[in-house]
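Thanks for coming. I will go through one surface feature and then two individual residues.

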Amino acid sequence: MNKSVSIKMKASMDNVLRQCLVSVSAVVVAILLGMLLILLMGKNPIVAFGALIQGAFGSANSFAETLVKVTPLLFTGMSYALANRCGLTNLGMEGQMYMGALAAAAVGIFVDVPAVLHIPLCIIAGFVGGGLWGLLAGWLKVRFGASEIITTVMLNTIAIYFIEFMVTDPARMMEPGGVSGQSSPLPASAKLDILLPNTRAHWGIVLGLVCIVLFWLFLWRSKKGYEVRVSGFNMQAAAYSGINTSRNILLVMLLAGGVAGLAGASEVMGVQGRLYAGFSPGYGFDGIAVALIGMNSPIGIIFGALLFGAFRAGGNRMQMKAYVPFSIVNVIQAIVIFAVVASQMLLEIWGERQLKKQPKQQEA
């Protein structure tokens, strides 16, 4: 018995180490190719990446800006990872983020209560707004068999344009004489406090880390989380074993959408102070890369969010100091995604070949 447990633990550790190696290798390859591209542009890649690191971690203010970028990526990365653990592909974090921001802004503007109640209410509203938007995609899958990949992408567009419509003041969210395209400012009672003095870093990062802990507890320390992970391995086998997969799909899409909605709420309450049209530079889509490079694990998501947050925070300084366009950061991120996915495919192929070899070895 002890030998069997030891073998399982060793196999698990080998798998974790292999996944870490895949992520680190993907980042290294992406950075090297990025440096090559910068060199081909006639710029100095050492100077460029030095400026990027300086812009991300070179001072207290730079680090604070990195934390500002990391915060929404924690939520959107968790959102993708949670759905993926159930065998679903949620590409709707951007739209869920927008709907969460709308709900949080509405409660912030129209509800007048003390801060001790106002902030929690706005956070809950953000979760509910994003959660219902994610639940809609889950319901379409359960009820009609619609692919969540297609529906979540379509719902992204609907959500983005719906927010553009809402900030033209059909719901009276603008202040009298205000600028079209943005809501009234949130009152102080609905804003997240600053975490680091004289910076923009806010308490949303703490909320994100708390959610990471809850994400781990749900998936690895609860019965429902176990059912979700089993469904992720094989949805049909889970259904045959008595697991209600339809209910799990609805629950997971609700939770995934809600977590993405918290990204929107944290941006509105902690950074913008009001709802803007097009307030997100693509945090929802970056969350896919964060989850992939983090292998859908809590620690991995933190690492991925910190990496991509540093890219976003340091990219502007790289552009100003080394005259390298910010778009090179997007290229590096794309290479990271490609490298991670390609590595995973190669590992799966290698694993299948190893399984095929085992019967032959046993016969010999």
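Helices here are DSSP runs of H or I with at least four residues, numbered from the N terminus. This is a predicted model, in which local features need pLDDT of at least 70 and side-chain atom pairs count only at pLDDT 80 or more, while totals for chains, interfaces and linings use all residues. Residues are numbered from 1 along each chain as its sequence is written, and side-chain values use heavy atoms, with hydrogens and water left out.

The surface first. Val29, Leu33, Leu36, Leu37, Leu39, Leu40 and Val331 make a nonpolar patch of about 590 Å². Patch members have over 30% relative accessible area and no salt bridge, and nonpolar side chains are joined within 5 Å. A salt bridge means a Lys or Arg side-chain nitrogen within 4 Å of an Asp or Glu carboxyl oxygen. Areas are Shrake-Rupley, with a 1.4 Å probe. Helix 1, residues 2-40, gives the largest share of the patch, 6 residues. Val29 is found in helix 1 and is partly exposed, because its relative accessible area is 38%, between the limits of under 20% for buried and over 50% for exposed.

Next, His118, in helix 5, residues 115-144. His118 counts as buried because its relative accessibility is 0%. Contact means heavy atoms within 4.5 Å. Beyond four places in sequence, His118 touches Val107, Gly108, Val111, Val113, Pro187, Ser189 and Ala190.

Last, Asn296, in the loop between helix 11 (283-293) and helix 12 (298-322). Asn296 is also buried, at 10%. Leaving out neighbours within four places in sequence, its contacts include Tyr80, Asn84, Arg85, Phe215 and Trp220.

Terms used
Patches are made of residues with over 30% relative accessible area and no salt bridge: like charges are joined within 9 Å, nonpolar side chains (Val, Leu, Ile, Met, Phe, Trp, Tyr) within 5 Å. Helices (H or I, at least four residues) and strands (E, at least two) are DSSP runs, numbered from the N terminus. Buried means under 20% relative accessible area, exposed over 50%, partly exposed in between (1.4 Å probe, protein chains only).
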